[in-house]
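Reader: Could you walk me through this model one feature at a time, with the cut-offs spelled out?

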Amino acid sequence: MSKGSPPSPWWNSKQLRLDDSCNNNLNDSLNSTTKHSAKWSCSGDTSLVEPEILEEMGVSMLEDGASNCESTRKSHSLEQTISPTILDNNGQCKNMNDSQSQECIYRGSSLDTTSIDSLEATRRLDPNPYELDEFATYSTIGNESGYSSRVEIDNFVDTKETFSKDNLNVSTRESSLEQFYLYRRKRKPSILGEDKFNKLSDEMILMILKWLPKKCLVRSMLVCKRWCQIARDEALWSRLDLGSKVLNEGTLGHILPRGVQILRLAQAEIADPVFLENSEVLTDGYISKLQYFDLSMAVISPDGLAMLLSKCKYLKKLSLEKCTVNRSCCKAISDNNDLEILNLTMCEGMDIECIKDLMKLTNLNAVNMAWCGLDTDTMALLCKSLPSSVTRLNIAGCRKTITDDNVKDLVKSCPDMVELDLSDCTMLTMNTVRNLLDLSKLEHLSLSRCYGIPPSTYVTLAYMPSLLYLDVFGVIPEPVLKSLQVTCGETQLNKFLYSSVARPTIGVRRTSIWGLRVRD
C-alpha cells in the first residue's frame with residue numbers, strides 16, 4: 001500500500017483483519033499440537049491477503065513470487081489443522097477445553113459433515129449456531145510467520161444456505177440412538193420374610209394339598225417346580241368328578257396320565273378327538289389306571305368312546321347309560337377281565353356281535369341291559385350265554401323279544417340270581433312264574449306291567465322263602481294289593497319304583513359312584 005494514497009476503510013476491501021488476542025491463542029494452539037488432540041481441517045483462500053498489509057506489520061514474505069504462488073495453490077487443496085475456538089457474546093475468541101474439543105472435518109465451502117460426534121459437540125457449544133451475527137473460521141496461510149487470520153463474514157455467506165438443519169437433526173438422532181442402554185428392573189421378592197414351606201418335606205406338603213379342591217390344586221402347580229411335581233402326585237388325583245362339564249379336545253389325555261382311578265363323567269360333553277396326537281395316552285403300551293368309570297348320559301361319539309375304552313384294561317365297574325356304542329366299544333370292554341358291574345341301560349347300537357363280545361366277561365356280577373332294543377335272536381343269545389357269576393340282572397323293556405323259553409334258559413344259566421327285573425315284558429305268561437320258582441336265592445323280583453301274567457299267580461311268588469321284595473306296579477289294583485300284603489307276610493310289595501341294578505348313583509346323590517366318593 002503506498003503512503004500517498006488515503007487509507008481506504010476496511011469494510012470496502014476484502015482484506016484479512018488481524019486480531020492479536022485471537023492470533024496469540026491460535027499460535028499457542030499451533031505450537032502445542034500435543035495439547036489439543038482434536039483437529040479442524042479446512043481449506044483456505046489466500047487470494048484475499050495483500051502483501052502490503054503484512055509488510056506494514058513487519059511480516060516478511062517469501063522472496064520468490066513463483067514459490068509464493070505455488071504455496072498459494074497448495075493452500076487451496078491442503079487441509080490445514082487448527083485448534084477449534086468459539087466466540088463469546090463480546091466477540092472475543094476463547095480456546096476450547098480438551099474435553100469439549102471434537103473432531104470435525106469440513107471440505108470446500110459447503111462444509112459437508114463427516115463426523116456425527118462433531119455435530120454433537122457443535123450443538124453443545126452453541127445451542128443455535130445458525131443465528132450468529134458473525135461467522136468466523138481460522139486457517140493458516142503458507143507464509144513464514146505462522147500467524148492465523150480471521151476471515152470476514154463475506155466468505156461464509158454460502159455456508160448458512162448449504163448447511164441445512166435437516167442434516168444436523170438426522171445426525172443428532174443417529175448419535176442419540178448409539179447412546180441408549182438397557183435397564184433391568186430389580187425383581188421384588190414375592191415372599192416377604194421366611195418361606196415356611198421350604199422347611200416342610202414333600203410328604204407333608206402332599207398331605208396339605210389333599211385338602212384342596214381340584215381347581216385350586218391345578219393352580220398350585222403354577223407356584224414353583226417343586227409344587228408342580230408334588231401336585232401331580234397320583235395320591236391327589238385318584239378320584240375326580242367332571243360331571244356335567246364340557247371337555248375340549250384332548251382334555252382326557254392330560255387327566256388319565258395323572259393316575260385317576262375313580263372318574264365320573266356323567267352328563268359331560270366330550271369333544272373329538274378324545275386324545276391329541278402328541279398325548280402320552282397314545283404311546284405304545286400305555287394302559288390307564290381307571291377302575292370305576294361313569295359315563296352315564298355323556299355326549300361322546302362311538303369312535304371317541306371306543307378310543308377311550310381301548311386304553312382301559314383294569315375296569316371293575318363301568319356305566320355307559322344312554323350312550324351310543326358299536327362293535328369296537330364292546331370289544332374294548334371285553335378286554336377288562338376284572339369287570340364286575342356293567343350298565344348299558346338304553347344304549348343304542350347293540351347287536352348280536354356286541355353280545356358275543358360282552359359274554360366273554362366271566363366275572364360279571366351285575367348287568368343292566370334294560371331298554372336296549374335287542375331283537376329276538378340277540379335276546380335268545382343273551383339268556384343262554386350269560387355267565388353263571390351274574391347275580392343281579394335287569395333286562396326290562398323287552399316287550400316283544402323275550403319269551404317264557406328265554407326265561408327258562410336264563411334260570412339255567414344263572415341259578416344263583418339274587419335280583420331280577422323283567423318289567424314291561426308283555427310276552428311273559430304264568431309259565432315264567434313256574435320257572436322263577438327254581439331260583440332259590442332270589443330276593444328281589446320285579447314284574448311290573450307284565451300284563452300276560454294273571455294276578456292270582458303272584459300269591460305263589462310271595463310264598464318263596466328267600467323273596468324279600470316283589471314289585472308289581474300297574475298290575476294289581478290297590479284294594480287287592482292291601483289284602484295280598486297281609487297274605488304275603490314278610491315279603492314287601494311295591495317297595496322300589498325303579499331298579500338300581502348296576503347303576504352308579506341312586507336317587508339324588510351325585511358325590512359318589514357305586515358307593516365310592518368322587519370328591520375330596
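Reader: Let's start with Asp-357: buried or exposed?

Author: Relative accessible area settles that: buried is under 20%, exposed is over 50%, and partly exposed is in between (1.4 Å probe, protein chains only). Asp-357 comes out at 4%, so it's buried. Before you read on: this is a predicted model, where local features need pLDDT of at least 70 and side-chain atom pairs count only at pLDDT 80 or more, while totals for chains, interfaces and linings use all residues. Residues are numbered from 1 along each chain as its sequence is written, and side-chain values use heavy atoms, leaving out hydrogens and water.

Reader: Which residue does Asp-357 form a salt bridge with?

Author: The general idea is that side chains of opposite charge can pair when their charged atoms come close. The rule here is a side-chain nitrogen of Lys or Arg within 4 Å of a carboxyl oxygen of Asp or Glu. For Asp-357 the partner is Arg-327, with the closest N and O atoms 2.5 Å apart. Asp-357 sits in helix 13 and Arg-327 in helix 12, so the pair ties together parts 30 residues apart in sequence. Salt bridges with shared partners join Arg-327, Glu-353, Lys-356, Asp-357 and Lys-360 into one network.

Reader: How far apart are Arg-327 and Glu-353 in that salt bridge?

Author: Their closest N and O atoms are 3.5 Å apart. Helices (H or I, at least four residues) and strands (E, at least two) are DSSP runs, numbered from the N terminus. Arg-327 is partly exposed at 40%, and Glu-353 is partly exposed at 31%.

Reader: How many salt bridges does the rule give?

Author: It gives 13. Among them is Lys-289 with Glu-234, at 2.8 Å from N to O. Lys-289 is in the loop between strands 11 and 12 and Glu-234 is in the loop between helix 9 and strand 8, so this pair ties together parts 55 residues apart in sequence. Lys-289 is partly exposed at 37%, as is Glu-234 at 36%.

Reader: And the nonpolar side: which residues have the most contacts inside the largest core?

Author: In soluble globular proteins, nonpolar side chains tend to be buried together. A nonpolar core here is a set of buried Ala, Val, Leu, Ile, Met, Phe, Trp, Tyr and Cys residues joined through side-chain atoms within 4.5 Å. The largest one has 98 residues, and Leu-265, Leu-320 and Met-350 have the most contacts inside it. A second, separate core of 9 residues includes Tyr-292, Ala-366, Trp-514 and Val-518.

Reader: What does the side chain of Asn-336 reach?

Author: Polar contacts are N or O pairs within 3.5 Å; within protein, one atom must be able to donate a hydrogen and the other to accept it, and residues adjacent in sequence count only if both atoms are side-chain atoms. The Asn-336 side chain reaches the backbone nitrogen of Lys-313 at 3.4 Å and that of Tyr-314 at 3.3 Å. Asn-336 is in the loop between helix 12 and strand 14, and is buried at 1%.

Reader: Where does pLDDT stay under 50?

Author: pLDDT is the predictor's confidence in each residue, from 0 to 100. The stretches under 50 include residues 11–27 and residues 61–157. The chain mean is 76, with 64% of residues reaching 70 or more.

Note on methods:
Contact means heavy atoms within 4.5 Å.
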